[in-house]
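Student: I'm new to this structure and would like to go through it step by step. Could we look at it together?

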Amino acid sequence: MSRTFEESLLAVLCAAVVSWAAPHTPAAAQENKAETGPVSENPNPMLLGVDDAGKRRHIYEDPVMQAAFEEIGFDFLMHHIRGKPTLADIDALARWAKRTGKGFWLNQENTTRPRGDAGYYRKPGYFFQPSEKYIRRCLASEQFMGVCYDEAEHWATNGVWITSRQGQGYRPHFYDADGDTLRQAYEGTLFNLRALMKRHYTPFAAARTGPLGGPIVATEHVFPIYFHTFARAGISPMPKLLKETVTPVAAAMALGAAKQYNSRYVTCLDLWALRSGWPGHSPEALGSAMLFSYWTGAEAAYVENFNYRGQSLY
């Protein structure tokens with residue numbers, strides 16, 4: 001039986017995903033250690049986490065959320081910073097994480113996004129730039145896992161207010177490409193991403209915090225058009241599975257970027273859907289995405305929009 005073009009494309013992408021060949025075994029982990037960095041000794045090491053988008057209170061303020069988190073058995077929290085980032089928030093997270101043994105990431109979707117310094121960046125846009133004191137405080141916690149730039153490709157193509165709808169008009173993300181050629185836009189974006197990593201995240205290289213053996217700077221993308229650019233700058237791809245993406249396509253692009261530029265691979269399992277709203281995916285689909293993450297070698301995966309708009313699937 002002949003295949004359509006779309007069926008053939010998906011078959012090729014699925015084969016590319018399978019060829020990643022990162023089995024969850026101690027032997028395979030040791031073989032890859034020199035290339036991938038610190039690895040878990042756990043023979044079944046894919047960690048599973050959840051985010052707190054839509055929360056009414058932070059987890060360290062909410063006993064009900066804490067109890068549900070423990071009962072379900074999540075390994076880490078993707079913490080959405082609300083408003084201006086503060087050391088008090090980090091300290092409270094760190095105390096909760098130390099008491100429970102759980103890991104935590106920081107997500108910048110709902111925090112400040114000042115314009116970059118034009119003396120340091122090329123034609124800078126608006127993006128999260130944590131202070132040195134803030135980063136040092138994060139690294140003081142042994143449970144700290146890293147920073148996630150949420151839906152970075154969406155912000156770059158639609159403006160930085162696209163997900164929060166807090167501002168007016170278009171604002172560029174990492175680089176203001178207005179008037180540039182495609183080559184200039186690519187080179188300017190790559191320059192600014194590398195500058196961001198050097199200026200704010202250099203201490204991550206020597207750190208060994210968190211369940212993954214060291215903190216990661218990663219980026220979620222709704223559509224997988226930018227993973228290679230970010231991975232080339234040292235920012236790990238974090239493909240969204242489910243949502244309105246085609247899972248094999250997103251994963252294949254992310255895996256290719258991770259392999260080409262020797263970055264980490266963590267997946268985001270997003271329950272939002274463009275047409276059906278929330279929750280936009282069934283429990284069966286979520287379970288499938290978890291297995292897909294596991295068998296494609298993800299070090300960790302987290303469920304996004306598990307607790308959304310003050311409602312909860314807990």
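Student: Which residues does Ala207 touch, not counting residues up to four places away in sequence?
Tutor: Keep in mind that this is a predicted model. Ala207 sits in the loop between helix H8 (182-200) and strand S5 (216-221). Leaving out residues up to four places away, the contacts of Ala207 are Leu139, Gly213, Gly214 and Pro215.

Student: Does Ala207 count as buried or exposed?
Tutor: Buried means under 20% relative accessible area. Ala207 has 12% relative accessibility, so Ala207 counts as buried.

Student: How is helix H5 oriented to helix H6?
Tutor: H5 covers residues 87-100 and H6 residues 132-139, and their axes are 10 Å apart. The packing angle is about 5 degrees, and angles under 35 degrees count as roughly parallel. Therefore H5 is roughly parallel to H6.

Student: How many of the residues in the contact of H5 with H6 are charged?
Tutor: From H5, Leu87, Ile90 and Asp91 meet Lys133, Tyr134, Arg137 and Cys138 of H6. Four of these residues are nonpolar and none is polar, while the charged ones number three.

Student: How many disulfides does the structure hold?
Tutor: A disulfide needs two cysteine sulfur atoms within 2.5 Å. The cysteine sulfur closest to that of Cys148 belongs to Cys268 and is 7.3 Å away, so it is too far for a bond. Both Cys148 and Cys268 are buried at 0% relative accessibility. The number of disulfides in the structure is zero.

Methods. Residues numbered from 1 in each chain as written. Predicted model: local features only at pLDDT ≥ 70, side-chain atom pairs only at ≥ 80, totals over all residues. Heavy atoms only, no water. Buried < 20%, exposed > 50% of the residue type's maximum accessible area, 1.4 Å probe, protein only. Helix = DSSP H or I, 4+ residues; strand = E, 2+ residues; numbered from the N terminus. Contact = heavy atoms within 4.5 Å. Axes fitted to C-alpha atoms, helices over the stretch in contact; angles between N-to-C directions. Parallel < 35°, antiparallel > 145°, perpendicular 65-115°, else oblique. Nonpolar A, V, L, I, M, F, W, Y, C, P; charged D, E, K, R; others polar.
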